[in-house]
Amino acid sequence: MSLHDQLREVALAEFAVAGYAATSLQRIADLAGTSKASVLYHFASKEQLLAEIVNPALDDLEQLITPLDDHGGLRRADFVERFVDLLLLHHQVVPLVINQGATLDDVPVMHRATELMRRVAELFRLASGSTIEKLRFGVAFGGVAYTLAAAERLGLNGEIPIDEVRSALLEILHDLLVPADSRTA
């Protein structure tokens, strides 16, 4: 593994444990067994390091939702499946965005995450929907995100096969979000 990739992994783990604001570049360097100058060689700032960690997940989310913004066309059930796959693929980033996104909205990459989630809500026509629809959306996707963020505490890390976790998440989200009459359509 390259030092660049190692620094990303160390930073992601430390951001998740200590928080972005409480993590210094010196701490990341110490944990990676290198110097702060070496960290700064690879990343101009802590904000750039965070962006490099989070942006691939946001890019994937944007690729999923942009065609829908423009043309619609993807059934809600299909979107739910692709969204779960995206969350599972980026399961290490999800807790960072969920747990710290609101307090880091002044950081451009986290602001971007917030804006993309608003677009997801709009796709479900829930942003201007009833209170129950807004809560349904929040409980469904917040629940998935929390489950992934708390996977170790819930005994999901390695104890349950990922395909079983995926299947269970899809069933739950379909029950919450996909109207019964459109599940077989």
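**View 1. A network of salt bridges links Asp59, Glu62, Arg112 and Arg119.** A salt bridge here is a side-chain nitrogen of Lys or Arg within 4 Å of a carboxyl oxygen of Asp or Glu. By this rule the count comes to eight salt bridges. The model is predicted: local features need pLDDT of at least 70, side-chain atom pairs count only at pLDDT 80 or more, and totals for chains, interfaces and linings use all residues. Residues are numbered from 1 along each chain as its sequence is written, and side-chain values use heavy atoms, with hydrogens and water left out.

**View 2. Glutamate 52 and arginine 8 form a salt bridge.** Their closest N and O atoms are 3.9 Å apart. The pair links distant parts of the chain, with glutamate 52 in helix α4 (residues 46-71) and arginine 8 in helix α1 (residues 3-18), 44 residues apart. Helices are DSSP runs of H or I with at least four residues, numbered from the N terminus. Glutamate 52 is partly exposed, at 24% relative accessible area, and arginine 8 is partly exposed at 25%. Buried means under 20% relative accessible area, exposed over 50%, and partly exposed in between (1.4 Å probe, protein chains only).

**View 3. Glutamate 14 forms a salt bridge with arginine 27.** The closest N and O atoms are 3.2 Å apart. Glutamate 14 lies in helix α1 and arginine 27 in helix α2 (residues 25-32), so the pair ties together parts that are 13 residues apart in sequence. Glutamate 14 is buried, at 13%, whereas arginine 27 is partly exposed, at 37%.

Terms used: Helix = DSSP H or I, 4+ residues; strand = E, 2+ residues; numbered from the N terminus.
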